[in-house]
Amino acid sequence: MSITAQLRESVTLPGGGALVNGCAFEVSGERLPRALLRNGHELEVHDLHEVFAGERAPAAVFPLPWPGWDLGVHSVSPDATFAVFSGQRAVRAVGPGGETLWEYRHACWGPEIGHPHTGDEQEVCHGLEHGSCQVSADGRLVWAHVVTEQDVENWQEFRVLLDARDGRELGRIPLDSAAAGSRHLRHPDGVHMGLCIGMGQDGVLLHWARWDGEVLTGWDLGRRTDRILMDAHPAHPGFLTVEHYGTDLELHALDGTTIAEACLDPEDDEDDPPRWEYDCGFVDANTVIASVTASDGLECARHRLLDGRTLEVRGTVDYPKGPVDSYVRPLGDGTWLTYDDTTGTLSRWAEADACAG
């Protein structure tokens, strides 16, 4: 079944591809979407509603704190008065002028355990490993994924919870991971924070935690699950994942219990079956969007809409001018984004019937 998409609005946004295929998308406050785009040595914050209204100037700009470090996943406070950067050897909060508000030092994410550092203390070492950080929805806390290292025998990754005012550590949880990279996901309930850790050939570790004001508690779903954390919605108590190799999508309760599952038919090609891509999420409470592509990567991605509670496939999205070869970013409000790398155009879509209603 085909489901017709209607273009709501579009705008030219250089670098906007990171919104649909990257970690530049962030939800602040009452699920107001915004883009955190790197532009040279700066991190620009754009309110997406303002972008589509024609505003080209960023709402806030923060200088990147470490020359040569272009990894890590960063976050900005809901009121955009400070940004928190995940560095190779520290988590640092900065103001709009680039002034350091506080810094939480940790061991080096570099791949060689026990390697020395020489020269400037901000020297960037060899390696692509990195952590991530996320400011809480109320702006009072900072969650961070860091590494500690006393010696070769005591190398350990942790989740740490920091006071956003001064960087003081409020709690920490040890992790059974060896990260290549990670990213956080705020649950819309304002209480839980998810963490997805990619470990290369060792798969994916999924971890959830909560802070009750006094005690930090957490739990992981184990490496055996090998699932990528994708999205959560205010109308759902749990979260959405995709299997590491794209074999299925699953809707979970917060304890990891599977509530619903979506698999794909081999489509008469068992040697090269289609798979779910690494972009999916809630268009709204009742609808999930996801991309399907052939495993050889040669087929244009096809966007499918699924029931948001059963994950039953409703149909394939039919765009007015033909297939859209783009990852998707659902906004949770009944719309989703695509990006055209050739023209630099960011587009916002909705179901045609929903637009008519």
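**View 1. Lining of the second largest cavity.** Arg38, Leu64, Pro65, Trp66, Trp69, Leu71, His74 and Phe85 line the second largest cavity of this predicted model. About 40 Å³ of space lies inside this cavity. The structure holds two cavities of 30 Å³ or more. On a 1 Å grid over the protein atoms alone, a cavity is a set of points where a 1.4 Å probe fits but cannot get out; lining residues have an atom within 4 Å of a point. Grid points are joined across faces, edges and corners, and a volume is the space filled by probe spheres set on the points. By class, the lining has six nonpolar residues, one polar and one charged. Here Ala, Val, Leu, Ile, Met, Phe, Trp, Tyr, Cys and Pro count as nonpolar, Asp, Glu, Lys and Arg as charged, and the others, Gly among them, as polar.

Residues are numbered from 1 along each chain as its sequence is written, and side-chain values use heavy atoms, with hydrogens and water left out. In this predicted model, local features need pLDDT of at least 70 and side-chain atom pairs count only at pLDDT 80 or more, while totals for chains, interfaces and linings use all residues.

**View 2. The largest pocket.** Its volume is about 1,100 Å³. A pocket is an open set of grid points with protein on both sides within 12 Å along at least five of seven lines. The largest pocket has 43 lining residues, and Arg183, His184, Leu185, Met230 and Arg329 lie nearest its centre. Elements giving two or more residues to this lining include strand 14 (181–186), strand 18 (227–231), strand 22 (274–284) and strand 26 (329–330). Strands (E, at least two residues) and helices (H or I, at least four) are DSSP runs, numbered from the N terminus. The lining divides into 22 nonpolar, 13 polar and eight charged residues.

**View 3. The second largest pocket.** This pocket has a volume of about 370 Å³. It is lined by 18 residues, with Val324, Thr338, Asp340, Ser347 and Trp349 closest to its centre. Strand 27 (336–340) and strand 28 (345–351) each supply at least two lining residues.

**View 4. Two aromatic pairs.** The structure holds two aromatic pairs. Rings of Phe, Tyr and Trp (its six-membered ring) pair if their centres lie within 6.5 Å; planes under 30 degrees apart count as stacked, over 60 as edge-to-face and the rest as tilted. The ring centres of Trp208 and Phe239 are 5.1 Å apart and the planes meet at 40 degrees, so this pair is tilted. Trp208 belongs to strand 16 (residues 204–211) and Phe239 to strand 19 (residues 239–243), so the pair ties together parts 31 residues apart in sequence. Trp208 is buried at 0% relative accessibility; Phe239 is buried at 0% as well. Buried means under 20% relative accessible area, exposed over 50%, partly exposed in between (1.4 Å probe, protein chains only). Tyr319 and Trp349 form an edge-to-face pair, 4.7 Å centre to centre with 75 degrees between the planes. Tyr319 sits in the loop between strand 25 (313–318) and strand 26, and Trp349 in strand 28, 30 residues apart. Tyr319 is buried at 5%, and Trp349 at 8%.

**View 5. A charge over a ring.** The charged end of Arg172 sits over the ring of Phe158, 4.5 Å from its centre. The criterion: NZ of Lys or CZ of Arg within 6 Å of the ring centre and within 35 degrees of the ring normal.

**View 6. The largest nonpolar core.** This core has 27 residues, and Leu249, Trp276, Leu306 and Leu311 touch the most other members. Strand 16, strand 18, strand 19 and strand 22 are among the elements that give two or more residues to this core. A nonpolar core is a set of buried Ala, Val, Leu, Ile, Met, Phe, Trp, Tyr and Cys residues joined through side-chain atoms within 4.5 Å. In soluble globular proteins, nonpolar side chains tend to be buried together.

View 7. Phi of Leu311 is near 65 degrees, a positive value in a residue other than glycine. Leu311 lies in the loop between strand 24 (302–307) and strand 25, and is buried at 2% relative accessible area. Phi of Ala80 is near 60 degrees, also positive. Ala80 lies in the loop between strand 6 (75–76) and strand 7 (83–86), and counts as buried at 18%. Most residues other than glycine have a negative phi.
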